[in-house]
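The questions below take up one predicted model and ask what stands behind the words used to describe it.

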Amino acid sequence: MTASLINTVRSTFLQAFRSVNPAGKWKVLVIDENVQNLLSTVLKQFDILEENVTLIESISTHREPQRFEAIYMLMPTTQNVDRIIQDFSNGRQQYLGAHLFFLDGLSDPLFQRLTSSPAEPHLKAVKELFVNFWVTEAQTFSMKAPELFFQIYSPPKNEASFRAARSRLEEELRFVSKRIADLCITLNEFPYIRYYLPSHHQPLGPLQPNQQTRAPPPSEGSSRWRTNLARGEAARQYEAADTEFVTKVLASMVQQCLEEHKKANPDFPSPSDPPRPRGTLIVTDRAMDVIAPFIHEFTYQAMCNDLLPVEDGTKYSYKFQSSVGTYEDKVATLSDADSVWTTVRHMHMREAIDKLMADFNKFMEDHAGFKGGGAASLNDMKDMLANLPQYQEQREKFSLHLNMAQDCMTIFEKDKLSLVANVEQCCATGLTSEGKTPKTLVEEMVPLLDGREVSNFNKVRMIALYIMYRDGVPDEDRRRLYQHARLSMVEQDAVNSLVHLGARITRGASDKDTKRKLKQKPHADEEYELSRYKPLIRTVIQDHVSNKLDQTLFPYVKDAPSALTPANSTRQAPTPTTSLRSAKPSWHKAVRPTAPVDNRQRVIVFVAGGMTYSEVREAYALSASLNKDIYIGSTHTITPRQFFDDLKALELSGVGSRAVPNGIPSTQPHNSYQEYYDQKYFIPDPTPPLRAAELRVPKDTHKASGKLSKVHSSSSSPYAASSTSVNSLGMMNGPEKEEKKKKKKGLFHF
């Protein structure tokens, strides 16, 4: 079973806390807002307090001196380094000592500033953790940077703005490359690096060849030389602009980051026992597969995020029926902590509903003494849930997923998705469910475009997929499709913007078919007709593992494995005979290995420009079927609606989008990476503290020793700064300690 990224990052933080053991046992934790947000994804505040932390403080607020040693856990910004120095300058000593932990690599100038400052005698340790990335699931990670979609693909406004746009993009890619390197370092992996190099379109966005950014052309006469070597360096530099894809630039930057880390840390990666085969990082982008974000998916997680108002993939509001029959508004968190969610999220909706009902009936038999025939439908489940007031937690879980499944199926019927999805599948795969070339696509599609029952959003999805299936259509045909669907100008813009992702939307009578090296493979064994299309990332990973992935399409940045044969990796499990969404998927049975595998070869996939939930699902499925540890990450995770909304604003550089309502900045790039980093993680200085005469403290605020109180807290913060006495945290046992834990949990509002 693949090791969880959540557990790995949590362990990194806990090891940092446990490495600090002052003589007095207790210690203070000092964090900034950015670290606080990352910490809260893997640790609860109580988990931190259990590590002998008596106080959590924000470095950006006014703090009283403490007679404890402190753990500073911060982003390595100039601002934070200066704040550390201020804590031990001008006769001030904020803490007995300082143990510094930075989430990123600390630059040499900042290290020199620290070690030559008045704070130096008080520094006990300086360590870099390399965990500045968001872990969203056990096998997924993210930069949470949706604005990068526009940085990568929006065309510069005019010829004069190409150079600045490219410099800003390279600045953003440098930041992303360091986040990917952080992930590799956290996993103790120095991977081979491959990247997607398309041959059917030129580089996109600010990287498209342009006179401002292209090297000067070679001198006259140099083109007569036929060999690349003989043509000279000038010609090669001039032509390099034709292959400067975002994937190539990013992959090269990651390689550089890891090599620099290796130079500074010669023992990286440290040897494992048993030895783990060297893994591979595959860098691709959204333009490689523009079909996946449009197509309707019918596995549970992907379908819910497509059809329901799930916020950021994790928050869902629904009506919960209480034990007295009234309905309450609930906000549920969909995370790896929900065992029901992790069990069904990658199942086809039909299988997910069957699984929910089977688990519900088993629960009824085991706990409620139910002797009847069990729930036979979702409505039966709803009726029976109302009669289980004594099992609140289980009721809420089953009620949540019952609501989500029911809402999805209601929308499926109301929006005629069976007919819409059939058209989508024929366009995406180029085949009917019988495996033949579709000949009546237009006849099936036009009534749906004309009808009022199908939303314009779904009409856009069909039209976009049809145009890509035809590799572009004549302008008049496209106009008629828009007319049938009654699309607004903004909705038409979304389809037209596909050209900025390398798709051809207009086609003349003499235009030849675009030759693509990477194509959808037919899956004849798929039992669900509306789930025949598989994201291209599936083919890429499968071909890479079997050493069939074309090296001209996915070249290595530097070194490649010495022996490109399947035998050079750990033994692979046979490819399953049934696909991911078949009635009884074999991947689901494979989660019970005979023994945990700690040394499986890793494949890390990064999708610049947004990854889909269907691609996330493939990472989990292929981990089991290929016997590899597969992780997938991106700049952000997208839903079809978000992709559609972003396409509408693509030509406008994001103006009006949710990610960057005012558009991507047109400012000049920063003078240095540190300046860029400082601005990205800038935290305003606090307002000066009130004087004692201005404070109005209620008489009952100060409690006896042993009571908990909030100090320097912020109501918007996941970790409210907290203060407790030593006795209240460490000197109790038995019922008294349990009671204290309950109080803590209720106080911190986390």
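Q: What makes residues of helix α19 count as buried, and which are they?
A: The term requires a relative accessible area under 20%, and in α19, which spans residues 475-485, the residues that are buried are Arg478, Leu481, Tyr482 and Ala485. These residues cover an arc of only 95 degrees around the axis, and they therefore lie on the same side of α19. Among the elements that cover them are α17 (441-450), α18 (456-469) and α20 (489-496).

Q: Why is Asp329 called exposed?
A: The word applies over 50% relative accessible area, and because Asp329 has a relative accessibility of 62%, it counts as exposed. Asp329 lies in strand β11, which runs over residues 327-333.

Q: How do you know that a polar contact joins the side chains of Asp329 and Lys319?
A: A pair of N or O atoms has to lie within 3.5 Å, with one able to donate a hydrogen and the other to accept it; the contact between the side chains of Asp329 and Lys319 is 2.7 Å, so it meets the distance limit. Once residues up to four places away in sequence are set aside, Asp329 touches Tyr318 and Lys319.

Q: Why do β6 and β8 count as edge strands of their sheet?
A: The sheet is open and has six strands in the order β6-β7-β14-β12-β9-β8, with mixed pairing. Because β6 (134-137) and β8 (192-195) each have a single partner strand, one side of each is left without a neighbour in the sheet. Neighbouring strands of this sheet are turned by 25 degrees against each other on average, direction ignored.

Q: Which residues have the most contacts inside the largest nonpolar core?
A: That core has 168 residues, and Phe13, Phe17 and Met73 have the most contacts inside it. Leaving aside neighbours within four places in sequence, Phe17 is in contact with residues including Leu29, Leu39, Ile71 and Met73. A second, separate core has 20 residues, among them Ile85, Phe102, Leu110 and Leu123.

Key: Residues are numbered from 1 along each chain as its sequence is written. This is a predicted model: local features need pLDDT of at least 70, side-chain atom pairs count only at pLDDT 80 or more; totals for chains, interfaces and linings use all residues. Side-chain values use heavy atoms; hydrogens and water are left out. Two strands pair if DSSP finds at least two bridges between them. Helices (H or I, at least four residues) and strands (E, at least two) are DSSP runs, numbered from the N terminus. Axes are lines fitted to C-alpha atoms, for helices over the stretch in contact, and angles run from 0 to 180 degrees between N-to-C directions. Buried means under 20% relative accessible area, exposed over 50%, partly exposed in between (1.4 Å probe, protein chains only). The arc is that of the directions from the helix axis to the C-beta atoms. Contact means heavy atoms within 4.5 Å. A nonpolar core is a set of buried Ala, Val, Leu, Ile, Met, Phe, Trp, Tyr and Cys residues joined through side-chain atoms within 4.5 Å.
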